[in-house]
Every structure is written in C-alpha cells, then in structure tokens.
Amino acid sequence: MKSFKVIYRDKLSQARVGILKLGNLEIFTPLFLPVGTLGVVKTLSYEELKEIGVDAFIANAYHLYLRPGEEILKKFCGLKKFINWDRGLFTDSGGFQIYSLKELKKITEEGVEFRSHIDGSKHFFTPEKVIEFQAVIGSDVSVCLDECVEYPVDYNYAKRSVEVTTLWAKRCKKKFDEIKKNNFGNSQNQLLFGIIQGSVYKDLRKKSIEEILSIGFDGYAIGGLAVGEPRELMWEVVNFISENLSQDEVKYIMGIGELEDIFFCIEKGYDIMDCVLPTRNGRNGQALTSFGKINIKNSKYSTDESPLDNECSCFVCKNYSRALLHHYYKSQELLVLKLMSYHNVYFIINLFKTIREKIIKDEFLRFKEDFLKKFNSEIC
RNA sequence: GGGCAGGUGGCGGAGUGGCCAAUCGCAGCAGACUGUAAAUCUGCCGUCCGUUGGGACUACGUAGGUUCGAAUCCUACCCUGCCCA
C-alpha cells in the first residue's frame, strides 16, 4: 500500500501535485513544513496553525529527547496527544544536530554522542535508539539517523559520511520493521524516510541514492544542502539528485526555505520541504511580502500606515500597520514575535497552496517567473 | 552661609599625566539568518575626507595656568546632589 501518489504532473517541468497518506490524513504536496523543534512552532498555537492551514510540521527527536524526554512522551502516548494535534507530524532524527552542534558531538560508526547543549550531559544516540524514540514520539513520518556534514567538507570525509549514513539507514530500517511487527510506539501508520547525503560531490550523491534506494523506504529525504554552499552549486546538486531519483517516490528536501530555492526545488520535482526561515526570520524582524522582504526594524517603517503586505489576507495584515509592528519590535513587545511569525507562515503556506493550483493548471513556470519578478522588485 | 561628593560622547557609567576620539552597557543605524544551542548574531555609532591603511578638525562643566604632552595636576568661577546651619 503506497503512501504517496502523484495526481498531476506539470507538462512543462518536473513539478507535480501529489497526495501523501498519513494514517487517516491525506495531505497535498508540494508541502511546506514549518519547524516546531520542541513540538511547537515557536510563538504559534496549534489553533493558529490550523487557522493558517498548516497540514503538518516537523519536530526534532534530539531536542524532544532532552526535554520533555521519553518518560513524559510515553505517559502522554506520544507528542500528538500531548499537544492535541490531529494533523500531520514529521520528526527529524538529530542528524542535523551532528552538523549544528558540531562542538558538542563525537561520532563513531556505532552512533553519535552528544553533549547536551542545555547542561552538558552526555547522551549516546544509535540509529536504533533514534527510531525507537521517534516511535515513542509517534510522528507520522520519521527519518533515519544520518550524518549531515558541513560545507565545505573534503571528499574523503564526505565519502565516509555517506557510508555511515547508509550503514545507519540499514539499521534504522531493520529496527523500524521490528517495531512495526511488535506494534510498539504511538503511531499506527508511521512512515520512515531514508536520507541521502554526499555533500556537493555528484558521485557520492549517486552512491548514496543507490544505497538508500536499495534499502527501500516510504520516502526519500535529501539532506546536507543549504549548509553554506553557494546557491548555484546547491541548485546543481539539487538538479543532479532529481535526475537520479525515481520520479515515483515522494521526495523531501530538508531545510529549504528561501523562496527562490523553494520554486527551484518544486520545479525539479521535490514534494516536501521544511525551513525555520519564516519563523526565525519573523522573530528577527523580517517579513515576507509579495514585493520582497522587509525588515520591520528599519526606521523607515516607523510611520508607515500600510500592512506588511497589502496583498496578504492574514489577520496581521488586516489589522496591524507596519508602524505599529515597528513600534512593538522597538519596544520589545512580545506580541510582535507572534504576529511576524504568523504572517510569514501564512504567506508561505498560502504560496504553496497557490503553487499546487498553478501546477494543476500547467501555469507553474509562468507563475514562478511572475512571482519572483515581483518579489525581487523590492518596491515595498 | 558652611561641609562633603560630583560634573566625561544621546543616556548610564569607566578612565584619573602620553598606549584616549576615550573600556563597557543602553539607545540609535544597518546587515545576516535555509532538516532552530537563535525574541539571535554581526558591523557602524564626535564631525569631515578616504574603498583600505589612514588623515584633518572639534572635544571630557567654563575660563585661565603648569607641562614636551592634560579628561587626568593647579587656580578661579558656574552648576548638581546630600548633610549641617
């Protein structure tokens, strides 16, 4: 029983619209996942996420392991029950933390030892443990433990990380099947995605694709991109991977969130992406608008009566002027963090919705061109 | 009227003869952020010139003085706070 089905393919590009089945849920792709590392999309309530139209978000196993921790999640029968969220939930394995917590980790073939960024305590994560813990979390989609390497990284190290990632993927898959058989965990229909690594080296990407594909997963995630490499290089790799991955599988490109990159990836046939940018940048004062990005901290907005984006219909744009948001930001009024996050998530979720509509009408490429032209005009 | 403490860049507050255009914090100005150690981080922040190295000018209450050299020492004055009368 396949959990993913393409329902429409763009005639002019590889963009497609699909349906991802997560238990009883049916979610349309291309899908954008806001990031809710600790089980919450920072500043936003679950009611607000639903109001915006968020179908799924992604939480993080490493962070949830440190707090609230396994016991609490077991007690509440998983994260979805704990937070009372009945839409989609993805979890990341902690592979990204191998990259982002690089001073606090020690990696071996067996697994990875983290020193907690909270109290310095040591924790050893094996592929099996990460799978087991994601079962406890009860996410709809879990991912394998992988080694996300930084950029630049030398070829030999990248090669080794591909090997480790493959080795771990096999162990993850084995543990996952075991868990399914024993009916362990808090998700009846959890899926497991494999992760492809290989940095910017095409032969390594190819090797990783072949190895991960041969293990066989419910979907395929692409990791290790958008970690500092030049955009052109990233696009080249994105394109290469797309050409070498089966077009029938669901493809999840991890960590992508700049609008130009989102359009590029969708055009190349990727179905799912996630990013902290709408929320993090929102908290840092940046708003996405139809006419480009604006930084609400800038003094020029102190008297601006217009909304963040006069083409946006979110409640923030209906009720709050740029001047007011500027005032809140300058006064460190906490409400602004929510308002900015809300708008940005709304903006991007809405954009994905429009993109799906445009794909079905074979207007994706034209829409992409028009949208980016306007977005880069920066007349806001 | 007397005593004590003090007056430093938009504010707070270091400095107490050369390394001082002056630590630091705040405020201000701008930039960054791509599977969140992020309500974070970085840069600028006397004026003018220079892409950089740097240069010129004006400045530590006011006015004088000592000194090769003063925000720093001396004199007078002005002002602020506290205490006494």
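A: Let's start with a term: a residue is buried if 20 or more other C-beta atoms lie within 10 Å of its own, exposed if 12 or fewer, and partly exposed in between, with C-beta atoms placed from the backbone. This is a predicted model, in which local features need pLDDT of at least 70, side-chain atom pairs count only at pLDDT 80 or more, and totals for chains, interfaces and linings use all residues. Residues are numbered from 1 along each chain as its sequence is written.

Q: Which residues of H10 are buried?
A: Helices are DSSP runs (H or I, at least four residues), and strands are too (E, at least two), numbered from the N terminus. In helix H10 (residues 259-267), 7 of 9 residues are buried: Asp-261, Ile-262, Phe-263, Phe-264, Cys-265, Ile-266 and Glu-267.

Q: How do H10 and H15 pack?
A: Two packed helices are described by the angle between their axes and the distance between the axes. Axes are lines fitted to C-alpha atoms, for helices over the stretch in contact, and angles run from 0 to 180 degrees between N-to-C directions. Here the angle is about 170°, and the axes of H10 and H15 are 11 Å apart. That makes H10 roughly antiparallel to H15 (under 35 degrees is roughly parallel, over 145 roughly antiparallel, 65 to 115 roughly perpendicular, the rest oblique).

Q: Where is His-63 found, and what does His-63 touch?
A: His-63 sits in helix H2 (residues 61-66). Contact means C-beta atoms, placed from the backbone, within 7 Å. Leaving out residues up to four places away in sequence, His-63 touches Thr-37 and Leu-38.

Technical notes: Chains are lettered from A and ligands numbered from 1 in the order in which they are written. Two residues are in contact if their C-beta atoms, placed from the backbone, lie within 7 Å.
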